[in-house]
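Please look through the structure below with these notes at hand. They are numbered, and each can be read next to the coordinates.

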Amino acid sequence: MHPMNRRRLTLALASLAAAPALAAFGGAAAHAQSRPAAAAREISWLDLVPPDWKPQERIDRRRAESLKDDDELAQELMRELREILDTAPTVDRFDGAAVKLPGYVVPLERADGGLTEFLLVPYYGACIHVPPPPANQIVHIKSRQPVKGFDTMSAVWVSGLFRSERHDSGMGVSGYSMDLQDIQRFVPPGGN
């Protein structure tokens, strides 16, 4: 295994156990002025993870840490881990509901100078510099009208119609989708 792949395996293992806890956003942490005015229900990233999902129990972390860079078992473990992350179970209690959720933008499609499709992820760098988080921590978002002024890893609030729906964008497998109704910049407490 190439050293970079071994590092990716270590990062993926860490994200498996900690992705929801790494979420940079929480409902109470947001500055009131940064919240969308829509009547959507505010949810958190932890709301999207089934309480009984314990993926770390399916991987022997000691086995992974003992592997050498050229060990074929490391590649097998990485495939197994990707399968666990990509098939992470979702919750359906928000299906069809108007919700709002903070996160970071991972652009997928642009048109007329704006985003028409993107992923929303819970922590900075997800899907870009580190392995993608579990599918239940990625939301695939489509907008009828291009939204302008948002780039890779822009911190935002999004609101719209929410569904449990799997989609593989090539940047990561999302377990949820949203038809965008509103997007606003996220302003942290004390921020401008």
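1. R163 and E165 form a salt bridge through their side chains, at 3.5 Å from N to O. A salt bridge here is a side-chain nitrogen of Lys or Arg within 4 Å of a carboxyl oxygen of Asp or Glu. The cut-offs are under 20% relative accessible area for buried and over 50% for exposed, with partly exposed in between (1.4 Å probe, protein chains only).

2. The model is a predicted one, in which local features need pLDDT of at least 70 and side-chain atom pairs count only at pLDDT 80 or more, while totals for chains, interfaces and linings use all residues. Residues are numbered from 1 along each chain as its sequence is written, and side-chain values use heavy atoms, with hydrogens and water left out.

3. How many salt bridges does a search of the whole structure find? The search finds four. One of them joins the side chains of R93 and D47, at 3.9 Å from N to O. This pair links distant parts of the chain, 46 residues apart: R93 is in the loop between α3 (72-86) and β2 (98-111), and D47 is in the loop between β1 (41-42) and α2 (61-65). D47 counts as partly exposed because its relative accessibility is 24%.

4. Another salt bridge is made by the side chains of D86 and R82, at 2.6 Å from N to O. Both residues lie in helix α3, four residues apart, which is about one turn of the helix. D86 is partly exposed, because its relative accessibility is 22%, whereas R82 is buried, with a relative accessible area of 18%.

5. On the overall layout, the protein chain has three helices and six strands. Their pattern along the sequence is α-β-α-α-β-β-β-β-β. Helices (H or I, at least four residues) and strands (E, at least two) are DSSP runs numbered from the N terminus.

6. The protein chain has 192 residues, and 46% of them count as buried. Its accessible surface is about 9700 Å², with 49% belonging to carbon and sulfur atoms. Such areas come from the Shrake-Rupley method with a 1.4 Å probe, and for residues only the protein chains shown count as cover. Of the contacts between residues at least 6 apart in sequence, 73% join residues at least 24 apart; a contact means heavy atoms within 4.5 Å.

7. Is S174 buried or exposed? S174 is buried, because its relative accessible area is 0%. The residue lies in strand β6 (residues 173-185). Leaving aside residues up to four places away in sequence, S174 touches A135, I138, V139, H140, E165, R166 and H167.

8. D112 is not a glycine, yet its phi is positive, near 50°. D112 is found in the loop between β2 and β3 (114-121) and is exposed, with a relative accessible area of 66%. M153, also not a glycine, has a positive phi of about 70°. M153 lies in the loop between β4 (139-147) and β5 (155-168), and counts as buried at 8% relative accessibility.
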